[in-house]
There are 2 protein chains.
Amino acid sequence: MNIKEASEKTGVSSAAIRYYEKESLIPEIDRTEVGNRDIDDRIIRRITFVTQMRAAGMSIDSLRRYIQLFDAQEDNTKEQKAILQEQLAVMEEKRDDLQSAIDHLNYKLNHFYDHMETTEEELRELERQHAEKKANQ
Amino acid sequence: MNIKEASEKTGVSSAAIRYYEKESLIPEIDRTEVGNRDIDDRIIRRITFVTQMRAAGMSIDSLRRYIQLFDAQEDNTKEQKAILQEQLAVMEEKRDDLQSAIDHLNYKLNHFYDHMETTEEELRELERQHAEKKANQ
DNA sequence: GCTTGCCTTCAAGTACACATTAAGGTCTAT
DNA sequence: ATAGACCTTAATGTGTACTTGAAGGCAAGC
């Protein structure tokens, strides 16, 4: 499969696929005789994995670190698990934040009045959370 | 309240507050006699609103458009509601995507093997979704 | 009167994640 | 054999969302 077909299959642009390869987010891709990339299903799966993690908010840099660990020969399953679990925690927090914002918007929609501004109670709660986060650092 | 206190209260940097004002995400802030910003709770609430929507993935540009509509004199409640509802839909989709990725990672953690790559079935499902999205455009 | 610490504006710099362009190679069809 | 549609690398450009730096003003404390 050439890069264009891979692009169409994954929804990731050709330029982005080359970029991912260069940045070691996906393995080095085999080449045809004339030097064109020949992409197989293993690569497609890796691209798809990258896309999912990117959509979930993982940065190129974090992804590279994880993948390098993964590709290393040593048995670092524990470390890999830890990283996955860390990422999972980040994503769950993101999801919860998103849910809060959704609740907030739903509230505003239901009480459609002064809806652009946070209410006093909400503000106090947010301030409390902010202070808490700071204390946790 | 000066800009530094406002920054500490909201967790948004002084520079970012100035930037938000310049970009009309928050109203023009009152000044003291010497020209320093004097920030009241109304502004704090607006900053907090912006922070929430930003964290939920709303761009500066979309936010500005929404806020400009809101600040306009005409009665455009319906339009505002529509925009809020649109944003709500975007956020819910984001939350669901995030949940899918979380499920995916959890699965990988539980079947810790070949976990970096998407399975064949998942791949087929993703391809299906991709085709569907394309068809919807 | 000088340092410290806050503030101001305006311009320029930065990080991320690609996208685009340039210059050229290969393959297929007409 | 020339066009068209792919491909390659390398360098440069782009948009977003700020951050940082320069140059200066104001007020308090030593």
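## The surface near DNA strand C

Helix 2 of chain A and helix 1 (3-10) of chain B each supply at least two residues of the surface near DNA strand C. Here, "near" means that a heavy atom of the residue lies within 4 Å of the strand, and helices are DSSP runs (H or I, at least four residues) numbered from the N terminus. The largest share, four residues, comes from helix 2 of chain A. This is a predicted model: local features need pLDDT of at least 70, side-chain atom pairs count only at pLDDT 80 or more, and totals for chains, interfaces and linings use all residues. As for bookkeeping, residues are numbered from 1 along each chain as its sequence is written, chains are lettered from A and ligands numbered from 1 in the order in which they are written, and side-chain values use heavy atoms, with hydrogens and water left out.

In total, 17 residues surround DNA strand C, and the closest are A:Ser13, A:Ile60, B:Lys4, B:Arg18 and B:Arg37. The surface splits into seven nonpolar, five polar and five charged residues (nonpolar is Ala, Val, Leu, Ile, Met, Phe, Trp, Tyr, Cys and Pro; charged is Asp, Glu, Lys and Arg; the others, Gly among them, are polar).

## Contacts with the backbone of the DNA

The side chain of A:Tyr20 puts an N or O atom 3.1 Å from one phosphate oxygen. From chain B, a polar side-chain atom of B:Asn2 sits 3.4 Å from a phosphate oxygen, while B:Lys4 uses a backbone N or O atom at 2.7 Å.

## Salt bridges in chain A

There are 12 salt bridges over all chains, each being a side-chain nitrogen of Lys or Arg within 4 Å of a carboxyl oxygen of Asp or Glu. A:Arg64 is buried at 17% relative accessible area (buried is under 20%, exposed over 50%, partly exposed in between, with a 1.4 Å probe and protein chains only). A:Arg64 meets A:Glu23 at 2.6 Å, N to O. A:Arg64 lies in helix 4 (residues 60-71) and A:Glu23 in the loop between helix 2 (14-22) and helix 3 (41-55), so the pair ties together parts 41 residues apart in sequence.

A:Arg64 also bridges to A:Asp61, with the closest N and O atoms 2.6 Å apart. Through shared partners, A:Glu23, A:Asp61, A:Arg64 and A:Arg65 join into one network.

Terms used: A polar contact is a pair of N or O atoms within 3.5 Å; within protein, one must be able to donate a hydrogen and the other to accept it, and residues adjacent in sequence count only if both atoms are side-chain atoms.
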